[in-house]
2 protein chains.
Amino acid sequence: MSLLVAITQWEPETWIERFRRLMPERRVFALGESFDAAEVQYVASWKHPAGSLAALPNLAVIFSLGAGVDHLMGDPCLPEVPVVRVVDEDLTNRMSEYVVLHCLMRLRQQRRYDEQQRQHVWIDDRFQPAAREVRVGLMGLGVLGQDAARKLAVLGFDVAGWSRSPKALDGLPSFSGEDGLEAFLSRTDILVCLLPLTAGTRGILNRSLFAQLAPAGRLGGPFLINAGRGGLQVEADILACLMDGTLKGATLDVFETEPLPPASPFWAHPAVTVTPHNAAMSDPESVGAQVVEQIRRFEAGEGLQNIVDTGLGY
Amino acid sequence: MSLLVAITQWEPETWIERFRRLMPERRVFALGESFDAAEVQYVASWKHPAGSLAALPNLAVIFSLGAGVDHLMGDPCLPEVPVVRVVDEDLTNRMSEYVVLHCLMRLRQQRRYDEQQRQHVWIDDRFQPAAREVRVGLMGLGVLGQDAARKLAVLGFDVAGWSRSPKALDGLPSFSGEDGLEAFLSRTDILVCLLPLTAGTRGILNRSLFAQLAPAGRLGGPFLINAGRGGLQVEADILACLMDGTLKGATLDVFETEPLPPASPFWAHPAVTVTPHNAAMSDPESVGAQVVEQIRRFEAGEGLQNIVDTGLGY
């Protein structure tokens, strides 16, 4: 049986080459190639065009190649087969690198020193807050959120987490559900969002939420770091909240429209750091091996891991 | 008995206020005030003027208020009493914040994305190295170096250390002495220097050392991070090595002359990050309490901790 690699936006060649190397005995097709639909048992997808998987009579499993499966949930013609998310140590580590980097940049006022460097000015600001005085709040406590929380705590940050359903967080304070949101936000100086994008989370990063963040923390105002999905954020609210001081700054890896249009006010905003949706890129070497291992498990009758709850959407 | 607070370059008021709060029963003088020299048993120093402690007949201990004691060792009239370095968890954490931040900025190519942001350009550079593919080498394995090494390893970096005398490094590879330097440098993509400044380390960060760093690592060339002392580095060599590609970039918190003169080429160099010698600032709250605890130990006959070997100079 064959694997169909259904990728848009990323270049599919590297992935196809990787899968061919890992499974030389199988046929690996790219979307757009000519192939026998009946032969396809597995799909490895990143943003396949809606409907493009609809006519595969023997399809058994769909693998998502990136963190997040909202790209799949948006396909109204998605075949009713198990959908498997990627859980990959390499991907997890990369997301934590990003989260720790950008929390430290805010803690250590790197943008202030960048500006001083541009102006050839030496001011040392002796009395800076220490990490233990800065409260980081992580929204989303899946594998990525848990790992980032643990590493932020090693650096000394005062970390808490929030998730839809209750989750233990390695001895760190953890809040959940609508009921826990206010308490969580009111103790948060840096809000890090790693939530999945679902009907329930779309637009959750809006003025009403920002207004509940800790107003008087050691950083002089709350910061937002969104490395989840652009659909989680209301960009007009972020801009307005930066203007009126509800937010002191934002680090955004994701946007309502990607690539971020050249005319977006985020690019030139002095309190905003823009990165091009690469907080945690899927590495074909590592993720490819995960997919092939799942196929092996499936065919050996050992059961798939990390199956998505399509009702919840993640 | 009294404490003399002998500080230049930092504002002494905060320190004096802190010591008075901690020891209301004692007299705390500032250098320059009028006081009875015979009354002074302790000195808390940060860059006191050479000779200014010479005529204190009952002086028993000198405490350094910052990491590093080179400012004391440079005083040819330093009284022959025990010199105590500060070992403070808060100071240690701050140095590790700085080291992890700047290693992550190099790993994640933050300067490239800063430049793209300035130009409103979205290029995501999918295939970045992971932390495990980047070798960080820490020179100096005292309390600061050990803590930074441990935290870098938690982030996933491939960490090794080097020190003058052999030191165990929590299961990480550790090199020592002249004999171990070549092997250490040849496996280093990011060199982090936290060495003390002594006669033996002055100018150690020079072309001959940079030329031994790993030339072909995943970052495309070696980076230098110096958060130790400016006297450790030969700035003309750093600039020349950046020019000819021996170094790919540098993050410098310390300089031969501080404040860094406005005309220094480091300010505007695109491959250099300048910070104003504040990687790890001494916090009067925390360090003040350490000094007072040492005074208590000394007077209770429990012995001073963290005494400097004035022969070695650290």
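Leaving aside neighbours within four places in sequence, Q294(B) is in contact (heavy atoms within 4.5 Å) with F63(B), V84(B), L304(B), Q305(B) and N306(B). This is a predicted model, in which local features need pLDDT of at least 70 and side-chain atom pairs count only at pLDDT 80 or more, whereas totals for chains, interfaces and linings use all residues. Residues are numbered from 1 along each chain as its sequence is written, chains are lettered from A and ligands numbered from 1 in the order in which they are written, and side-chain values use heavy atoms, with hydrogens and water left out.

- Q294(B) lies in helix α9 (residues 284-299) of chain B; helices (H or I, at least four residues) and strands (E, at least two) are DSSP runs, numbered from the N terminus.
- The relative accessible area of Q294(B) is 6%, so the residue is buried; buried means under 20%, exposed over 50% and partly exposed in between, with a 1.4 Å probe and protein chains only.
- Helix α9 of chain B also holds E293(B) and R296(B), three residues apart, or about one turn of the helix.
- E293(B) and R296(B) form a salt bridge, with the closest N and O atoms 3.0 Å apart; the term denotes a side-chain nitrogen of Lys or Arg within 4 Å of a carboxyl oxygen of Asp or Glu.
- E293(B) is partly exposed at 33% relative accessibility, and R296(B) is partly exposed at 40%.

**Strands of chain B**

- Strand β3 (residues 40-46) of chain B is largely enclosed by the rest of the structure, because seven of its seven residues are buried.
- Strand β1 (residues 2-7) of chain B pairs with β3(B) in the parallel sense over six bridges; pairing requires that DSSP find at least two bridges between two strands.
- β3(B) also runs parallel to strand β4 (residues 61-64) of chain B, joined to it by four bridges.
- A44(B) in β3(B) stands opposite V5(B), and A44(B) also stands opposite F63(B) in β4(B).

**Relation and interface of the two chains**

- Contacts link 62 residues of chain B with 61 residues of chain A.
- About 5,000 Å² is buried between chain B and chain A, 57% of it on carbon and sulfur atoms; this is the accessible area (1.4 Å probe) that two parts lose on being put together, summed over both.
- Six salt bridges are found across the interface of chain B and chain A; one of them joins R108(B) to E97(A), with the closest N and O atoms 3.1 Å apart.

**Salt bridges within chain A**

- R150(A) and D147(A) meet in a salt bridge at 3.5 Å, N to O.
- R150(A) is partly exposed, with a relative accessible area of 37%, whereas D147(A) is buried at 12% relative accessibility.
- D158(A) and R187(A) meet in another salt bridge at 2.9 Å, N to O.
- This pair links distant parts of the chain, 29 residues apart: D158(A) is in strand β7 (residues 158-163) of chain A, and R187(A) is in the loop between α6 (177-186) and β9 (190-193) of chain A.
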